[in-house]
Amino acid sequence: MSQFTIIKGRFHVKGYQPDGDSIRFEADNPALWDAFQWDSASKKKAAKKQLRIEAIDALETHYEGYHQPRPFAIAALERLLKLLGIENVRYSLNVTTIVDADDARPGFIATDGLDRYDRPISLLFPASAKLTDGSLLTSDRLPLEKSVNYLLAREGLVYPTFYTTTDKVFVDKIRKAVRLARGDARGIWAIDRTPDLVLWDTRTIQEDVTILPKLFRRLVEFCDAYDDFTKLPDYMARQKDNLQLWNDPTPRSLASLMTFDTTGRRMSLTVPVEDIFFSPKG
């Protein structure tokens, strides 16, 4: 069971490119960051830290020049902002940058460490949460169901994305929330094509269908490099995923959890996404 540091501060979006699973945060007491092992001195010194919002993955609003279907991508972002009290949002014309908003809204994060990019791995809470700045809490003492992470999953606005390092108490709660959202066909679960996708070109996954963002990123990278879809199964098999499944630590790849037809265009992820645990280094 992980121990989380509670940090009070303010969430910032103005002039940045947040999405439904990332945002910047400025601690009221920057000395609290000294307890973490930073690889980058500049990121430790930066007042506004880019967070990695734990256990969820929203549709991509901008990835290497690509995006996923914007209605649900923007819905996740705007729900994230509303839960944190950030309103009156104005976007740039290409809907990637927030040019104005009710910025610097107060709130809390609960973090148990940094990812490999020196982003605090965080649960997000609004200012109304009954938390104390600088306190240390195990996951069983955190109000997990009040976290923004949990609420976005419960409302079907994000995909669950677990790592082998994700706290298992939180994993269990998110898994249950996802199963309920899927059972009720909430949000993305009404249109999710991850279990059965036919890919014609990048327009398919940018405009027409909704899939797991990690799979989306792999597919656009493939499309940038190849135009022969019969090469897709081998391409996927060459990726070093180092995945595990729920209650099964056997190493595997994402390709090993998928099937492809002879054209390479029709594919299926054969396990529920909430059963997959990614390597934190993947």
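Trainee: Is A185 buried, partly exposed or exposed, and at what relative accessibility?

Mentor: In this predicted model, A185 has its place in the loop between α4 (168–183) and β13 (197–198). The residue has a positive phi of about 55° although it is not a glycine. Buried would require under 20% relative accessible area and exposed over 50%, so A185 counts as partly exposed, at a relative accessibility of 40%.

Trainee: D118 also has a positive phi although it is not a glycine; is D118 buried or exposed?

Mentor: The phi of D118 is about 60°, and the residue belongs to the loop between β8 (105–114) and β9 (120–126). Its relative accessible area is 6%, and because the cut-off for a buried residue is under 20%, D118 counts as buried.

Trainee: Which residues does T5 contact, once its neighbours within four places in sequence are left aside?

Mentor: T5 has its place in strand β1 (residues 3–12), and with a relative accessible area of 13% it is buried. T138, which is 133 residues away in sequence, has its C-alpha 8.9 Å from that of T5. With the neighbours within four places set aside, the residues in contact with T5 are F36, I109, A110, T111, S135 and L136.

Trainee: In the open sheet of four strands, which are the edge strands?

Mentor: The order of this sheet is β12-β18-β14-β15, and its pairing is mixed. An edge strand here pairs on one side only, which holds for β12 (162–163) and β15 (248–252).

Trainee: Which residue of β15 is the bridge partner of L245?

Mentor: Strands of a sheet pair through backbone hydrogen bonds, in either a parallel or an antiparallel sense. Strand β14 (residues 243–245) pairs with β15 in the antiparallel sense, over two bridges. In β15, the bridge partner of L245 is D248.

Trainee: What is the radius of gyration of the protein chain?

Mentor: The secondary structure of the chain comes to seven helices and 18 strands. For 282 residues the globule rule gives 19 Å, and the chain comes close to that value, so it is as compact as a globular protein of that length. Its radius of gyration is 19 Å.

Trainee: What percentage of contacts between residues at least 6 apart in sequence join residues at least 24 apart?

Mentor: Buried residues make up 53% of the 282 residues in the protein chain, and its C-alpha atoms fill a box of roughly 55 × 45 × 40 Å along the principal axes. Among contacts between residues at least 6 apart in sequence, the share that joins residues at least 24 apart is 64%.

Methods. Residues numbered from 1 in each chain as written. Predicted model: local features only at pLDDT ≥ 70, side-chain atom pairs only at ≥ 80, totals over all residues. Heavy atoms only, no water. Pairing = 2+ DSSP bridges. Buried < 20%, exposed > 50% of the residue type's maximum accessible area, 1.4 Å probe, protein only. Contact = heavy atoms within 4.5 Å. Rg over C-alpha atoms; globule rule 2.2 N^0.38 Å.
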